[in-house]
Amino acid sequence: MKNLKIIYILFTVFVIYSCSDDFVNVDALDPNSEDFFNTEEDYQDALVAAYDYLQSTSKFVQFAEIASDNTLCGGESATDSPYVQQIDDMIHSAVGQSDGGLRTMWQWMYEAVNRCNYIMEFQDKTDFSNKTNVIAQTRFLRAYYNFILVKWWGDVPMLVDQRIRFGDQFSIPRTPKSEVYALIEQDLIFAANNLNYTGYETGRVTKGAAQALLGKVYLYQDKFAESADVLEDLINNGPHRLLTTEEYPDMFERYNENNIESVFEIQYSDVDGGSYGCFQCLEGNYAAFFNGPRGFFDSTGFFDNGYSFNVPVQEVVDAFEDGDIRLEYSILDMAKYIEDNPGSSWDNTQGYEQTGYFNRKIMARQGDLNNGDAALTNPDNYRAIRYADVLLMAAEALNRGGISDSRAQGYLNEVRNRAMLSDVTTTGNNLTTAIWKERRVELVGEGHRFFDLVRTGRAGAEIDGFQVGKHELFPIPVEEILLSGNQWENNPGY
């Protein structure tokens with residue numbers, strides 16, 4: 001689905017000519033949204049449009065990693081992208097987030113949910129043999145987008161199986177997050193029950209993706225038994241496995257995308273161009289170039305340079321145990337790389353807050369088409385859910401739920417052994433700590449750390465500037481509250 005894009009009209013367009021007291025209604029040349037969904041092709045086109053907003057979520061991944069204790073914002077200077085600099089320093093507010101910040105992210109996710117609800121609103125209009133599969137994919141996507149909304153903002157305005165139209169914001173209250181989670185669970189259960197483990201096209205949602213996301217949603221609510229049940233069902237019956245030690249170094253390269261370890265992967269492409277005026281329109285992964293080092297020349301011709309955002313700190317480098325092979329493939333140590341590759345160079349004065357480390361997993365490689373702006377068109381996919389994440393979530397659910405520390409050890413050690421590390425034999429709270437530590441190093445750079453700290457109540461102790469009771473959630477942009485007629489109160493502390 002990398003190169004498949006659809007633009008469709010959501011609202012009816014009327015062209016009205018006036019002559020004295022006579023009015024003539026002229027049919028619009030564009031499709032009328034109320035007259036859509038007459039064929040399977042209409043449903044499939046709308047579904048592709050719902051998939052399209054997955055590509056905009058790279059901003060959420062980058063911002064979440066910067067919000068954590070894994071990285072600093074970086075960039076060109078202290079005033080480069082101030083909205084994300086504020087998030088890094090935990091001084092973000094409900095204002096000043098319009099130009100590329102939280103407001104755009106809020107708007108994108110509501111457009112994404114709206115596209116899913118557009119299909120659901122007309123789900124019974126036309127029958128065809130493959131419709132259950134289409135609805136299952138749609139409900140997974142709605143759950144995925146709603147999960148982002150509830151993680152970032154908690155209680156959020158919501159309609160079910162119905163589009164939010166202009167004017168509705170005056171009458172729709174913020175829905176309690178428990179009800180949002182309930183809908184997410186229902187959507188994912190339906191998707192898991194009606195999808196296969198193999199999608200009919202690369203990038204399509206699968207049964208495994210639905211099960212993995214459902215297990216994560218349960219874990220975020222401390223529903224440990226439910227989480228363990230669905231994750232172990234995926235582990236025991238699904239097609240996924242960890243890549244071997246020999247395969248792992250190539251895991252994050254383009255030629256090994258959509259591999260057996262990838263449970264759900266967001267597809268990116270360099271075929272179409274893009275511009276800074278419409279980040280949500282991009283087909284490429286902008287985060288790859290933004291994470292790369294400024295003033296860098298790679299003599300091997302492998303890595304590209306970049307804008308030096310999202311730079312790892314020494315603390316996360318030190319979190320890796322001696323002999324852990326993941327360190328080299330997760331974090332690029334610039335000094336070591338230049339030493340190992342004579343002729344390479346890096347000007348560390350061109351960036352802000354430079355630590356000498358870069359996020360190797362999401363860093364621009366040379367060799368793409370560079371259509372339009374090279375910074376916006378990188379074809380590097382994002383592994384939204386990896387099998388290692390599934391194993392570690394299952395281990396945590398089994399351990400924290402008091403279900404089975406021995407099975408939890410098994411899943412944890414499967415991940416550790418692949419990294420050439422010894423088994424963990426501890427139990428109870430010590431095992432919990434070991435699982436959390438493993439999640440940090442296994443998933444570093446992938447945008448999970450901040451929400452792991454929040455959901456487990458550790459963020460206040462680990463993130464500089466984090467205020468307990470406030471920073472667990474992000475502020476609703478003030479412009480959105482004003483558009484609601486001030487009926488929505490902001491999150492506590494903002």
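**Cavities, core and selected residues**

Tutor: The lining of the largest cavity receives at least two residues from each of α2 (58-67), α5, α7 (207-220) and β12 (382-386). Please keep in mind that this is a predicted model.

Student: Which element gives the most to that lining?

Tutor: That is α5, with 5 residues.

Student: And how many residues line the largest cavity in total, and which lie nearest its centre?

Tutor: The lining has 19 residues, and Y144, I148, K151, Y382 and H448 are those nearest the centre.

Student: How does the lining divide by class?

Tutor: It has 13 nonpolar, 3 polar and 3 charged residues.

Student: What is the volume of this cavity?

Tutor: The volume of the largest cavity is about 270 Å³. The structure holds 8 cavities of 30 Å³ or more.

Student: Let us stay with β12. Is it mostly covered or mostly exposed?

Tutor: It is mostly covered, as 5 of its 5 residues are buried.

Student: Which sense does its pairing with β6 take, parallel or antiparallel?

Tutor: β6 and β12 pair in the antiparallel sense, over 4 bridges. Within β12, R383 is the residue that stands opposite E265.

Student: Now the nonpolar core. Which residues touch the most other members of the largest one?

Tutor: The largest nonpolar core has 123 residues, and those touching the most other members are F140, L141, Y144, Y145, W152, W153 and F264. The largest share of this core comes from α5, which supplies 14 residues. Apart from this core lies another, of 9 residues, among them V316, V317, F320 and I331.

Student: What does L141 touch, leaving out residues up to four places away in sequence?

Tutor: L141 touches L47, A50, Y51, L54, C116 and V205.

Student: A change of topic: what is the phi of M90?

Tutor: M90 has a positive phi of about 60 degrees, although it is not a glycine. Most residues other than glycine have a negative phi.

Student: Where does M90 lie, and is it buried or exposed?

Tutor: M90 is in the loop between α3 (82-89) and α4. Its relative accessible area is 4%, so M90 counts as buried.

Student: What about N258, and where is its place?

Tutor: N258 is in the loop between α8 (224-237) and β6 (262-266). N258 also has a positive phi, near 55 degrees, and is a residue other than glycine. Its relative accessibility is 35%, so N258 counts as partly exposed.

Student: Next, T126. Where is its place?

Tutor: T126 belongs to the loop between α4 (102-121) and α5 (131-153).

Student: Why does T126 count as buried?

Tutor: T126 has a relative accessible area of 16%, and a residue is called buried because its value is under 20%. Not counting residues up to four places away in sequence, T126 touches F37, N38, T39, Y43 and K131.

Student: Where is S56, and what does it touch beyond its sequence neighbours?

Tutor: S56 lies in the loop between α1 (40-52) and α2. Leaving aside residues up to four places away in sequence, S56 touches W108, M109 and Q280. S56 is buried, with a relative accessible area of 3%. S56 and F279 are 223 residues apart in sequence, and their C-alpha atoms are 7.0 Å apart in space.

Student: Could you also describe F309?

Tutor: F309 is in strand β8 (residues 309-312). It is buried, at 3% relative accessibility. Its contacts, apart from neighbours within four places in sequence, are Q62, C73, G74, G75, D80, S81, V84, F290 and N291.

Student: Lastly, where is F303 found, and is it buried or exposed?

Tutor: F303 is found in the loop between β7 (296-297) and β8. F303 is buried, with a relative accessible area of 1%. Not counting residues up to four places away in sequence, F303 touches F296, D298, L332, Y337, R360, M363, A364, R365 and Q366.

Technical notes
Residues are numbered from 1 along each chain as its sequence is written. This is a predicted model: local features need pLDDT of at least 70, side-chain atom pairs count only at pLDDT 80 or more; totals for chains, interfaces and linings use all residues. Side-chain values use heavy atoms; hydrogens and water are left out. Buried means under 20% relative accessible area, exposed over 50%, partly exposed in between (1.4 Å probe, protein chains only). Contact means heavy atoms within 4.5 Å. A nonpolar core is a set of buried Ala, Val, Leu, Ile, Met, Phe, Trp, Tyr and Cys residues joined through side-chain atoms within 4.5 Å. On a 1 Å grid over the protein atoms alone, a cavity is a set of points where a 1.4 Å probe fits but cannot get out, and a pocket is an open set with protein on both sides within 12 Å along at least five of seven lines; lining residues have an atom within 4 Å of a point. Grid points are joined across faces, edges and corners, and a volume is the space filled by probe spheres set on the points. Ala, Val, Leu, Ile, Met, Phe, Trp, Tyr, Cys and Pro count as nonpolar, Asp, Glu, Lys and Arg as charged, and the others, Gly among them, as polar. Two strands pair if DSSP finds at least two bridges between them.
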